[in-house]
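Subject: A structure for you to explore

Hi there,

Here is the structure I promised to pass on to you. Have a look at it first, and then read my notes below.

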Amino acid sequence: MRLVIASCQVDYVGRLTAHLPMAKRLLLMKSDGSVSVHADDRAYKPLNWMSPPCWMAELPVPDGVDGEAYWVVTNKTGEELRITIASIEHDSAHELGVDPGLVKDGVEAHLQELLAEHVETLGTGHTLVRREYMTAIGPVDLLCRDAAGATVAVEIKRRGEIDGVEQLTRYLELLNRDPILSPVSGVFAAQQIKPQARTLAEDRGIRCLILDYDALRGAESTEFRLF
């Protein structure tokens, strides 16, 4: 992981455009290729970012641009995160090693087990391929097939937030590179899903599913609300 604290200007150019004027920020570059731009607030959420797969190039500063460095991060669709750096205060790299991953609490782990047992909650004709389907970046909670035989990746949370959608997005990008599994669609399943997370999921073509823990355990009706 590379950490850079710099005075910088950031421009996102793609389906949408966004501009961050010159200010001091933290630039975070992870080993998976992702690049994110952070201010000293907003908790974990970056001001702007580029998710993998993407590639960063350190290019000559364009004519007419005032800066000492110019970085361009490009994703597979050609969208760009352009970072103009006026000055760097800190630049360091750190090896974090392999992360053991998030240990789910009892309720979340039980939700995964119950949904695997009642996989048709996802839709008529769905079947389970396996739980904890391992990828190079971590395990997918459930890998399933729908009634047409297409692959479905399911991420399960107790409370669905933006970081869960980002996690599932990374899994989908990786799984869709496998010609045996592709095309792979996603389902984001949780007891509660925040509006911002739902908006992001729907924008990325990910289906949201509200889970009723008691219903899955058989305490109530097993009908679920699909969104």
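Of the 227 residues of the protein, 41% count as buried, where buried means under 20% relative accessible area, exposed means over 50%, and partly exposed is in between (1.4 Å probe, protein chains only). Please keep in mind that this is a predicted model, in which local features need pLDDT of at least 70 and side-chain atom pairs count only at pLDDT 80 or more, while totals for chains, interfaces and linings use all residues. Residues are numbered from 1 along each chain as its sequence is written, and side-chain values use heavy atoms, with hydrogens and water left out.

**The overall picture**

The protein has four helices and 12 strands; helices (H or I, at least four residues) and strands (E, at least two) are DSSP runs, numbered from the N terminus. Taken along the principal axes, its C-alpha atoms fill a box of roughly 65 × 35 × 35 Å. The accessible surface is about 12500 Å², and carbon and sulfur atoms account for 52% of that; these areas come from the Shrake-Rupley method with a 1.4 Å probe, and for residues only the protein chains shown count as cover.

How far apart in sequence are the residues that touch? Among contacts between residues at least 6 apart in sequence, 47% join residues at least 24 apart, with contact meaning heavy atoms within 4.5 Å.

As for charge, there are 24 positive and 34 negative side chains, and the centres of the two sets lie 2 Å apart. Here Lys and Arg count as positive and Asp and Glu as negative, while His and the chain ends are not counted. Each charge is placed at NZ of Lys, CZ of Arg, CG of Asp or CD of Glu.

**Helix H2**

Is H2 enclosed or open? Of its 14 residues, 10 are buried, so H2 is largely enclosed by the rest of the structure. Among the buried ones are Gly164, Val165, Leu168, Tyr171 and Leu175. The buried residues of H2 pack against strands E4 (48-50), E8 (127-135), E9 (138-145), E10 (151-160) and E11 (184-193), and also against helix H3 (195-203).

**The nonpolar cores**

The largest nonpolar core holds 19 residues, and Ala153, Val165, Leu175, Phe188, Ile193 and Ile206 have the most contacts inside it. A nonpolar core is a set of buried Ala, Val, Leu, Ile, Met, Phe, Trp, Tyr and Cys residues joined through side-chain atoms within 4.5 Å. Two or more residues of this core come from each of E9, H2, E11, H3 and strand E12 (207-210). Which element gives the most? That is H2, with five residues. There is also a second, separate core of 18 residues, which includes Val4, Leu20, Leu27 and Trp71.

Leaving out residues up to four places away in sequence, Leu175 touches Tyr133, Thr135, Val140, Leu143, Ala153, Leu181, Ser182 and Val184. Ile210, in strand E12, is buried with a relative accessible area of 9%.

**Some local details**

One joins Pro52 and Pro53, with omega about 0 degrees, and Pro53 lies in the loop between E4 and strand E5 (54-59). Another runs from Ser182 to Pro183, with omega near 0 degrees; Pro183 sits in the loop between H2 and E11.

Glu132, in strand E8, has a positive phi of about 50 degrees although it is not a glycine. Glu132 is partly exposed, at 31% relative accessibility.

Leu47 belongs to the loop between strand E3 (35-38) and E4 and is partly exposed at 25%. Beyond its neighbours within four places in sequence, Leu47 contacts Leu20, Arg25, Val37, His38, Ala39 and Arg42.

Finally, find Arg158 in strand E10, which is partly exposed at 42%. Arg158 and Gln192 are 34 residues apart along the chain, and their C-alpha atoms are separated by 6.8 Å.

Happy exploring!
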